[in-house]
Every structure is written in C-alpha cells, then in structure tokens.
Amino acid sequence: MSDPRTVRVASGQGFWGDWQEAPKLQVRSGDIDYLMLDYLAEITMSILQKQRVKDPAAGYARDFVPLILDLAPDLVSGGVRVVTNAGGVNPAACRDALVRGLAGVETSRPLRIAIVTGDDLMARLDELLGAGHSLRNMETGAPLEEIRDRVYSANAYIGMAPILEALKQEADVVVTGRSTDTALTYGPLAHEFGWAEDDWDRLAAGVVAGHINECGAQAAGGNTLFDWESVDLAIPGYPIIEAAADGSFVVTKHPSLGGRVTWATVTEQLVYEMGDPADYITPDCVADFGTVAVRDEGGDRVRISGVRGGPRTDLLKVSIAYHAGFKATGGLTYAGPDAVAKARRADSILRARLDRAGLRFDEIRTEYVGAGACLGLEPGPGAGELPEVGLRIGVRAAERAPVEAFTREIAPLILAGPPTVTGFAGGRPRVQDVMAYWPALIDRSAVETELRVEVTDA
Amino acid sequence: MKVRLSRVAFARSGDKGDTANVGVIALSPAAYEHLVREVTPARVKEHFAGVCRGDVERFELPNLYALNFLLHESLGGGGTVSLMLDAQGKTFGAGILSMAVEVPEAVVEACDRVSSGIEPGRPLAEE
C-alpha cells in the first residue's frame, strides 16, 4: 500500500549571516515537520577553522545556539525536528553550547540533540596521504603536497547516512559538520518515506528539493529577477518542500508571510550554481536536472515531478582551504564633473607611489564603481557625465608587508590627490588573509568508516 | 526583430570557485528555441570579455526552457583570492540580459505579455 502522507521540510537559513527571523517564522507561522538550516559555504569552513585555532570551543555557527534556545518550546510542542550543518568544524562544541543553554529553557520534555562527526579530515591529512590518498586538486591535477603546510581546513562532503541514523535515534536537533547542503532536505525525506539507498530516482528528487531549499528565500521571491518589483520581501516566507512518498513535491511557503513561489522563482533557483545539469553529483546519487518538470499550480504552489537520477559514485568531494597570501581593498569616492577622470588620476598616483616604495604585488586591480565595474568593463563614453564614481583598488601578495604598506597609501590621496574626493570615513583598509580553495576527491570508504553519531538529551 | 535579451528572458547567476554560472530562462516556451540559436557560447564569451578569461560552456535545459552557461576563469581566482567587486558573479545574470538577440516580433510580443502579467509564462497546471 502506498504511503499517503506528505512531509514538509522548511528552509530557514541559506548561509551564515542570513535573516535570523526566518527560521522562527517558519516554525511559528504554520505546520512543518522539519526545519533545515544551511550555514556553510566553501569559504565558511576556513573561517570557522580559524576561529577554532584561536578558541577550542569555537568553530561552529554561533547564531544557531540562541536560535534553538528561542525555538525549543515550539519544537517540542509542534513536533518539529531541525537538521543543520551549523556544527561547522566543531559539532561537539556546538552541542555543548546547546546543552548549557537548554538547561535554562523550560520544555515539557528534554530535547534530543545528535551530532555527526567524521567529515573533518584535518587531523587525518598526513595519515590519508600516507595511505595513498593523493587529494590532488580535481581542477589542476596538482598534488596536495604543494600546499600541505598551508592547509587550514579539510572536510569531506558527506551524505545522508548519519542524518538517517540520528533521526532513527529520535533526535530533535541534528547538528552536522560538512554535510552536503542538499542532504539536509533529502535526509529527512528518505528517513520519513524509507527510501532505499539505491532508489536513485527518489533520492534525485530529494536532491532537487534540497537544491531549492538550500539558498533560503532565493526560491521564494528573494533575489528573483522576474517581476521583482511586485514581490513583497519585507517579511518573506522562505520555501517549504511538501513531499510525497514517490518523490514528487510541491514548493510552497506559509500564506501569511511575504515572498512568492511561482514557476519563475523556482526556475531561477533551479539554475543557480548549476554545473552540468545532467550530472549533479551528490554523495548519495547523481541527479539529472534535465528531467525536472515544473508546474505552477497557482497560489504559491509549484509542483516538481519526473526527476530521474543515477547511482552514487565511489568518491566523495573534499573541500580543502589553504592560506594563499594577503589582500586588502580600499576606496574613495570622486564627485563630478569629470568624476571618472579624477578617479583615474588618483589610481595612477597611487600606483606611482607603490612603485616608488618598491612594493611588489601578485595583482593590483582597479575598478570604477558606477561605471561598469560589476562586469569588469572600462568606463564607457557616457561615464564622463557620472555625478560621482567609486574608486576601488585591491592588491594581493604572498607576503603581508606590501599589503600592509598599501593600506597606508589610500588616505594620503585625500589631500595629496585629485579634487572633489570624499567617502573615506571607514579608516584604513584591513589586511585580510587569502584563503584559496582546493577541491579534491577521496574514496568514500576512507571517510565513511569514521562517521559517528552521538546523541545527548538536554 | 533585434531586441535586448531582457525582452525575452530572465536570468540568475552564481559561482563555483573561479567559474561563474549564468542560467538564462526563456519568458515563454516559444522564445526558448531562439535563445538556443542566438545565445551561443561564443557570443557569451564576447559579452563578458571584461571578466571571462577562459572557455564558455553551454548546457541546454529544454525541460525548463533554460540555458546554463559556465564561464570559466571569470571570477579573478574565485573565493577570497579574488579582488573583484563581484567576486561571486552575482550580477552576471542581469549583465547577460543586455545582449542583443534577433527574435521574431510575434515571439517578442508574446514575451511582453508574460512580463506584464497578461499571460502566464508557462502552461498552467491541469485541474
């Protein structure tokens, strides 16, 4: 007999720094079964790793803890379960902070918290290299040895298995590290509907659902270009996936909230960060986005069906971040007439001073904001009429010293440079560490044997 | 007739490392075949000459009436390496829509009706 239920997985966070009200509204504005919260981007892991080096109790998305303390009574009373990768490079510390905080929160029963560990390969890198896992850069083919001493973080993108295990153990809150973003949505669906681990089509449908959910409001009117002026985004409803056992699902949102779900908003999100659509690789299957059928049912309901998928590969992707020097970006604003010409003159003066000081950079980039900078365009013939233009200059070097020296050369332009300059209130530009990204592949068995699920009642 | 791509399509863009992706979505199913003919990888490469240092790959998604472009070596190194204002290619989607394309007048007019909300952009779901 077929399972007649639908399961609702709501998206509450599309990146670390997303709107903190969104997950609360998702829980409190209507019925949902799961709340998924995606905090991790490629670069986030290295930032978290840096925090953990300074403080062993850091390295996770800190915003997540107060959010759960606020929501705990609602999660218990509404039977809503949370699945998140907020654990970053330190899921145990995230769990500990939750346990401490929940001691002061009144709920009718304890909250069961599960953490997933084992995706973090940082401490195992030399062991893995020694065992013949070369972790070559999958784009350039270069061996990891080239940058081994500068590696800051190394995490395998893991799939749904530990999430399924945590949900089976009746966790209310599942905190993972580098779970693949889509697994935060398809994990709960596979758990609820008992999808087999080789049910490629249904898993692929879950991956498509996860792709729609993983960027928060972006599937529900946020950032939507089509008819953007008419979308009310003041208090937006983030997307909700309403899935059936056969893998088909409806993308929707809470009716009382703003935002919009149409064929256009969903299609925009489907093509976002897309590579080869026929070959969307995840740890649990390969989804074919060329099979996705989109039907707008009206009333903020868009039905997705027909998704096909293929077998998972024997490899997992590893996201490695390494230190690749220093950079700084600074800027000033020049007002017209001749705003661009003044900004150009300031740029050549600055470069002459950097030259005179004998500073060497791997790259110096000058952009004229307001005159085509977003698309890398040189100011065109009409740019002479601009009322003002932003001069934006960035430098990058292997050593810190020249970048530091550059940061001291912006302010002098205010008095010892072209006229009608303003916009220098922010002080000297900050020297930033450059974290470069090293994508690699690894045999899944080398990671999966180390995955652990730990459950705590708090 | 010659029109800007924005008359017959909309778009969204994003990043993966040093590669930008630009998804171009036809406003109507009828417009899609004209996108396939007009918006070629060579033209996209030329349109993004200011940022694109590598190859442009194109994937067709007839099920979505959409094209997906990968613009390699286009984000100044990507991630935090990049010194670009738009290091994640977020604006490339809007940027591609200024490209000039040749599309029959009737198709353009039908797309205008979608843009102004008079007609749905896709067939409505059956009851």
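Tutor: Happy to! One term to start: a salt bridge is a side-chain nitrogen of Lys or Arg within 4 Å of a carboxyl oxygen of Asp or Glu. Also, this is a predicted model, where local features need pLDDT of at least 70, side-chain atom pairs count only at pLDDT 80 or more, and totals for chains, interfaces and linings use all residues. Residues are numbered from 1 along each chain as its sequence is written, chains are lettered from A and ligands numbered from 1 in the order in which they are written, and side-chain values use heavy atoms, with hydrogens and water left out.

Student: Okay, what domains does chain A have?
Tutor: Chain A is assigned domain 1 (6-119 + 157-313) and domain 2 (320-438); such bounds come from an automatic or database domain assignment. The C-alpha centres of the two domains lie 39 Å apart.

Student: How many salt bridges are found across the interface of domain 1 and domain 2 of chain A?
Tutor: The rule finds one there. In chain A, the side chains of Lys50(A) and Asp433(A) meet in a salt bridge, at 3.1 Å from N to O.

Student: And what area is buried between those two domains?
Tutor: About 400 Å², with carbon and sulfur atoms giving 62%. Buried area is the accessible area (1.4 Å probe) that two parts lose on being put together, summed over both. On the domain 1 side, Glu42(A), Ser46(A) and Lys50(A) lose the most area to domain 2, together 79% of what that side buries.

Student: Switching topic: how many residues of chain B are in contact with chain A?
Tutor: 43 residues of chain B are in contact with 46 residues of chain A, where contact means heavy atoms within 4.5 Å. The two chains bury about 3,800 Å² between them, 61% of it on carbon and sulfur atoms. Arg12(B), Leu83(B) and Leu85(B) supply 23% of the area that chain B buries against chain A, more than any other three residues.

Student: Which side chain does Arg12(B) meet in a salt bridge?
Tutor: That of Glu268(A), at 3.2 Å from N to O. The rule finds one salt bridge across the interface of chain B and chain A.

Student: Last topic, backbone. Which peptide bond is cis?
Tutor: The one from Gly336(A) to Pro337(A) is cis, with omega near 5 degrees. Pro337(A) is in the loop between strand S14 (315-335) and helix H10 (339-356) of chain A. Helices (H or I, at least four residues) and strands (E, at least two) are DSSP runs, numbered from the N terminus.

Student: What about phi of Asp227(A)?
Tutor: Phi of Asp227(A) is near 55 degrees, a positive value in a residue other than glycine. Most residues other than glycine have a negative phi, and most peptide bonds are trans. Asp227(A) is in the loop between helix H8 (200-213) and strand S7 (240-244) of chain A.
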